[in-house]
Amino acid sequence: MGARQVEGLMHERVGGELLVYSPKTAETHALNETAAIVFELCAGTNSREEMATEIARRCGLPTDEAIVDLALADR
């Protein structure tokens, strides 16, 4: 099973970023384009490889699962 979004998050595109707000913790995170793609794909059904392939397709970056790992890292 792949990564899943936390329920209850609010999100909105502003400029080139995706702002993600958690009402539960009152935290907001600004995601760059690659992290936003990973966020969008966190439905529990996409593998890291599939996410890396989609990032490569949309952004022209190499297919690299390390990019996905970085976006998923808990900071």
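Biologist: Are α1 and α2 parallel or oblique to each other?

Modeller: Some ground rules come before the reply. This is a predicted model, where local features need pLDDT of at least 70 and side-chain atom pairs count only at pLDDT 80 or more, while totals for chains, interfaces and linings use all residues. Residues are numbered from 1 along each chain as its sequence is written, and side-chain values use heavy atoms, with hydrogens and water left out.
Helices (H or I, at least four residues) and strands (E, at least two) are DSSP runs, numbered from the N terminus. Axes are lines fitted to C-alpha atoms, for helices over the stretch in contact, with angles from 0 to 180 degrees between N-to-C directions. Angles under 35 degrees count as roughly parallel, over 145 as roughly antiparallel, 65 to 115 as roughly perpendicular and the rest as oblique.
Here the axes of α1 (residues 33-41) and α2 (residues 48-59) come within 10 Å and cross at roughly 135°, so the two helices are oblique to each other.

Biologist: Which residues of α1 and α2 meet?

Modeller: Contact means heavy atoms within 4.5 Å. From α1, Glu33, Thr34, Ile37, Val38, Glu40 and Leu41 meet Met51, Glu54, Ile55, Arg58 and Cys59 of α2.
For classes, Ala, Val, Leu, Ile, Met, Phe, Trp, Tyr, Cys and Pro count as nonpolar, Asp, Glu, Lys and Arg as charged, and the others, Gly among them, as polar. The contact of α1 with α2 has six nonpolar, one polar and four charged residues.

Biologist: At what angle do α2 and α3 pack?

Modeller: At about 105°, with their axes 8 Å apart, so α2 and α3 are roughly perpendicular to each other. Arg48, Glu49, Met51, Ala52 and Ile55 of α2 make the contact with Glu65, Ile67, Val68 and Asp69 of α3. That contact has five nonpolar, no polar and four charged residues.

Biologist: How far apart are the axes of α1 and α3?

Modeller: They are 9 Å apart, and the packing angle is about 80°. α1 and α3 are therefore roughly perpendicular to each other. Thr34, Ala35 and Val38 of α1 touch Ile67, Val68, Ala71 and Leu72 of α3. Six of these residues are nonpolar, one is polar and none is charged.
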